[in-house]
Amino acid sequence: MDLLTPESLGILFAVGLLAGFVDSIAGGGGLLTIPALLAAGLSPAEALATGKLQSSFGSLSATIKFVRRGEVNPAAMRTMILCTFIGAGAGATLVQMLDPSFLRDVIPILLIGIAIYLLLSPKAGDVDAHQRIGEHAFALSIGTGIGFYDGFFGPGTGTFFAIAFVSLLGHNLRKATAHTKVLNLTSNVASLLFFIIGGHVLWTIGLLMGVAQYIGAQVGAHMVIRNGARVVRPMLVVASVVITAKLVWSDEHNILREWFAAAVAWVA
C-alpha cells in the first residue's frame, strides 16, 4: 500500500483519532495504532518509532486538558517525571539491542490481574483512599519501572500507571488518570528521543496521526473530568482484557495460549 495516498492517510488519521480518545481514558491506544501502521506497510521498528511520535501528541493533549482543569500539577511530580524519563530512555535504548518477546508471557497475566482487581473491588478508585507508599518510593519503583517498560515494550502502560496510582497512592480513578497522562507523556517523549536517534520515525505519518490523537485525547480527557470512575473503570477493564487478548493471540508461543490449548485438549 502507498503510505501517502489520501485513502491511507485518511484511515490512519481516523485510527489516531479513536486511539487518542481511548488512550486518554484507560490506555491501550497502541493496540489500534501499531497494527494500523504495520498494515500500512511500515516495518516493526518504524511502526514503534512513529507510534511514539503520534502518541506523544495524545498524551500531551490529555495532560494539557487535565492541567488546565486543575486535576494535576506537574510541578509537584518532578521526581516521578525524572524517574519515568530515565526508565523510558533506558528501555528504548535496550529494546534496540534485545528481543522484548519474553515479556509477552508476563504482561497478559498482569493485565488479567488488573481486570480481576477492578471487578472484585467495585469501590476501588471511586474516592481517594489510604496511601500505601511514599511518593519518592513510588517514583523510584513505579516511575522507573513502568517507564522502562514503556520504552522497551509498551502495551498497557497507561493501565499500569493508573492502577499503581489507585492501589499504592490511594488516588481516585479520575485523579489517577490525570497523573497517569503526565507520566505517559514523559515516557513517550523519552522513548521518542531515542527512536529519533535510531532514525526510524516517519514524520509525515506520525505528525498527521499526532494531530488526530490530540483531538481525540481532548474529548476523552473531558469525559474523564465529567464522569470520573463511572467511565474510567469499565474502560480500564476492557483495555486490560483486549490488550491481553491481542498479546496472547498474536504470539503462538504465549504461555496463556498454551495453557488454554492444553485445557481444551484435556476437556476434549
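Analyst: Start with handedness. A crossing is right-handed if the near helix is turned clockwise from the far one by less than a right angle, and left-handed if anticlockwise. In this predicted model, the crossing of helix 4 and helix 8 is right-handed.

User: What are the angle and the axis distance for helix 4 and helix 8?

Analyst: Helix 4 (residues 78–95) and helix 8 (residues 173–198) cross at roughly 35 degrees. Their axes come within 8 Å.

User: Which residues of helix 4 and helix 8 meet?

Analyst: Helix 4 brings Met80, Ile81, Thr84, Phe85, Ala88, Gly89, Ala92, Thr93 and Val95. Helix 8 answers with Val182, Leu183, Thr186, Ser187, Ala190, Ser191, Leu193, Phe194 and Phe195. By class, the contact of helix 4 with helix 8 holds 12 nonpolar, 6 polar and no charged residues.

User: Why are helix 3 and helix 8 called roughly antiparallel?

Analyst: Helix 3 and helix 8 pack at about 150 degrees, with axes 8 Å apart. The cut-off for roughly antiparallel is over 145 degrees. Helix 3 and helix 8 are therefore roughly antiparallel to each other. Helix 3 passes helix 8 in a left-handed crossing. On helix 3 the contact includes Lys52, Ser59 and Phe66. On helix 8 it includes Lys181, Asn188 and Phe195. The contact of helix 3 with helix 8 divides into 12 nonpolar, 8 polar and 2 charged residues.

User: What makes helix 2 and helix 3 oblique?

Analyst: Helix 2 (residues 30–39) and helix 3 (residues 44–68) pack at about 135 degrees, with axes 9 Å apart. Roughly antiparallel needs over 145, and roughly perpendicular runs from 65 to 115. Helix 2 and helix 3 are therefore oblique to each other. Helix 2 passes helix 3 in a right-handed crossing. Thr33, Ile34, Leu37 and Leu38 of helix 2 meet Pro44, Ala47, Leu48, Thr50, Gly51 and Gln54 of helix 3. The contact of helix 2 with helix 3 has 6 nonpolar, 4 polar and no charged residues.

User: How helical are residues 75–95 and 192–211?

Analyst: UniProt's unreviewed entry annotates "transmembrane region" at several stretches, including 75–95 and 192–211. Over residues 75–95 the chain is 86% helix and 0% strand, with end C-alpha atoms 30 Å apart. Over residues 192–211 the chain is 80% helix and 0% strand, with end C-alpha atoms 16 Å apart.

User: Which elements have the lowest and the highest mean pLDDT?

Analyst: Helix 5 (residues 103–120) has the lowest, at 63. Helix 6 (residues 135–152) has the highest, at 94. For the protein, mean pLDDT is 81, and 73% of residues reach 70 or more. Where pLDDT is low, the predicted coordinates should not be read in detail.

Methods: Residues numbered from 1 in each chain as written. Predicted model: local features only at pLDDT ≥ 70, side-chain atom pairs only at ≥ 80, totals over all residues. Heavy atoms only, no water. Axes fitted to C-alpha atoms, helices over the stretch in contact; angles between N-to-C directions. Helix = DSSP H or I, 4+ residues; strand = E, 2+ residues; numbered from the N terminus. Parallel < 35°, antiparallel > 145°, perpendicular 65-115°, else oblique. Contact = heavy atoms within 4.5 Å. Nonpolar A, V, L, I, M, F, W, Y, C, P; charged D, E, K, R; others polar. UniProt positions renumbered as here; feature names shortened; annotations may be inferred. pLDDT = per-residue confidence, 0-100.
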